[in-house]
Amino acid sequence: MATAAAASLSFPVISLEKLETEERDAAMEVIRDACENWGFFELLNHGISHELMDEVERVSKAHYKDHREESFREFAARTLEASEKGDDVKDVDWESTFFVRHLPSSNLADLPDLDDHYRQVMREFASEIEKLAERVLDLLCENLGLEKGYLKRVFAGCKGSPTFGTKVSSYPPCPRPDLVDGLRAHTDAGGVILLFQDDQVSGLQLLKDGAWVDVPPMRHAVVVNIGDQLEVITNGRYKSVLHRVMTRTDGNRMSIASFYNPGADAVIFPAPALVADGAAEEKESGEGGAAVYPRFVFEDYMNLYVRHKFEAKEPRFEAMKSDAAPIATA
């Protein structure tokens, strides 16, 4: 596949401040086009303080250097040695990562090697990202013509809480970028993902129109991407897209990705209002309208996803159709 770095020049970027001005309609149109045709967009002036973001970056990079760099070097040496012996390392990701769970319960106090300051900074950042994620979901509801709060309620499930966590990653320099990716191509399983990425070291790419497009690093921006569950709920109007992280010979790329996902017991299915809208449009064209995605419990989808993350999403959807059984939604 080709790489279209030039296409990143038109990458959708939205300043949330414009939603409070006469430019609101134009900004909402950029969000609509991004969700339908890119699967990604970038937010500026999103309400999270630059000082907090700078501190998150500082403590995360320091934590890698103090607690994770040595073990990664050992991993890197083993990987390169295996490659020199002729072993295939394409199923390896060149990353150092750990996961912080926020909801429905936090594991922040249980993670080793985090000092009290880092825990507090991450707690504050998670609170701000959670609020931003819920604001984004309401903007998507508005764009889709769904009632305000619809997506948040679906994600909450019967127990009243989404699944929300943050993956903290470093992508150190790789002497052989031809051998291994930082993170192999995949779509994200969940709902909406908010990424605070390094503004000095690039590497994140998405697949658009058969070409890999750079997601441009921007200072104090938050990158938003659509997960598989939003593709299902929108009955395919929004798309989760393949993305990957490329390795580089220089620079250690920071990535702090927060996943605002449905609760484990949430029942996921195309929004009836969107199915009805699609049916009306297709009736005018002489075709029948119907939900084209299955109904399933999010936990069941995740159990399948963890085994097939780096494979195409369409067989996962088909598998959920095959496994479908009547699910109570009331």
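Modeller: A residue counts as exposed when its relative accessible area is over 50%, as buried when it is under 20%, and as partly exposed in between. The model discussed here is predicted.

Colleague: Which exposed residues does the face of helix 7 turned away from its buried side carry?

Modeller: The buried residues of helix 7 are F298, Y301, L304 and Y305. They cover an arc of only 125° around the axis, so they sit on the same side of helix 7. Strand 6, helix 5, strand 12 and helix 8 are among the elements that cover them. The face turned away from that buried side carries the exposed residues V306 and R307.

Colleague: Within what arc do the buried residues of helix 8 fall, seen down its axis?

Modeller: In helix 8 (residues 314-322), the buried residues are R316, F317 and M320. They line one face of the helix, because seen down the axis they fall within an arc of 100°.

Colleague: What do the buried residues of helix 8 pack against?

Modeller: The face turned away from the buried side holds the exposed residues P315 and S322. The buried residues themselves pack against helix 5 (228-233), strand 14 (296-297) and helix 7 (298-308).

Colleague: Is R316 buried or exposed?

Modeller: R316 in helix 8 is paired with D228 in helix 5, 88 residues apart. The two form a salt bridge whose closest N and O atoms are 2.9 Å apart. D228 has 0% relative accessibility and counts as buried. At 2% relative accessibility, R316 also falls under the 20% limit, so R316 counts as buried.

Colleague: How far from D188 is the nearest side chain of opposite charge?

Modeller: D188 is found in the loop between strand 6 (183-186) and strand 7 (192-197). Its side chain has a polar contact of 3.2 Å with that of H243, and D188 also touches D228 and Y305, among others. D188 is buried but has no salt bridge. A salt bridge requires the two charged groups to be within 4 Å, and the nearest side chain of opposite charge, K309, is away by 5.9 Å.

Colleague: Which residues are linked with D54 in a network of salt bridges?

Modeller: D54 lies in helix 2 (residues 50-84), and R219 lies in the loop between strand 9 and strand 10, 165 residues apart. Their side chains meet in a salt bridge of 2.9 Å, N to O. D54 is partly exposed at 29% relative accessibility, and R219 is partly exposed at 41%. The network links D54 with E57, K61, D198, D199 and R219.

Colleague: What is the relative accessible area of F164?

Modeller: F164 lies in strand 5 (residues 163-171). It touches several residues beyond four places in sequence, including L103, I129 and F259. F164 counts as buried, because its relative accessible area is 2%.

Conventions:
Residues are numbered from 1 along each chain as its sequence is written. This is a predicted model: local features need pLDDT of at least 70, side-chain atom pairs count only at pLDDT 80 or more; totals for chains, interfaces and linings use all residues. Side-chain values use heavy atoms; hydrogens and water are left out. Helices (H or I, at least four residues) and strands (E, at least two) are DSSP runs, numbered from the N terminus. Buried means under 20% relative accessible area, exposed over 50%, partly exposed in between (1.4 Å probe, protein chains only). Lys and Arg count as positive and Asp and Glu as negative; His and the chain ends are not counted. A polar contact is a pair of N or O atoms within 3.5 Å; within protein, one must be able to donate a hydrogen and the other to accept it, and residues adjacent in sequence count only if both atoms are side-chain atoms. Contact means heavy atoms within 4.5 Å. The arc is that of the directions from the helix axis to the C-beta atoms.
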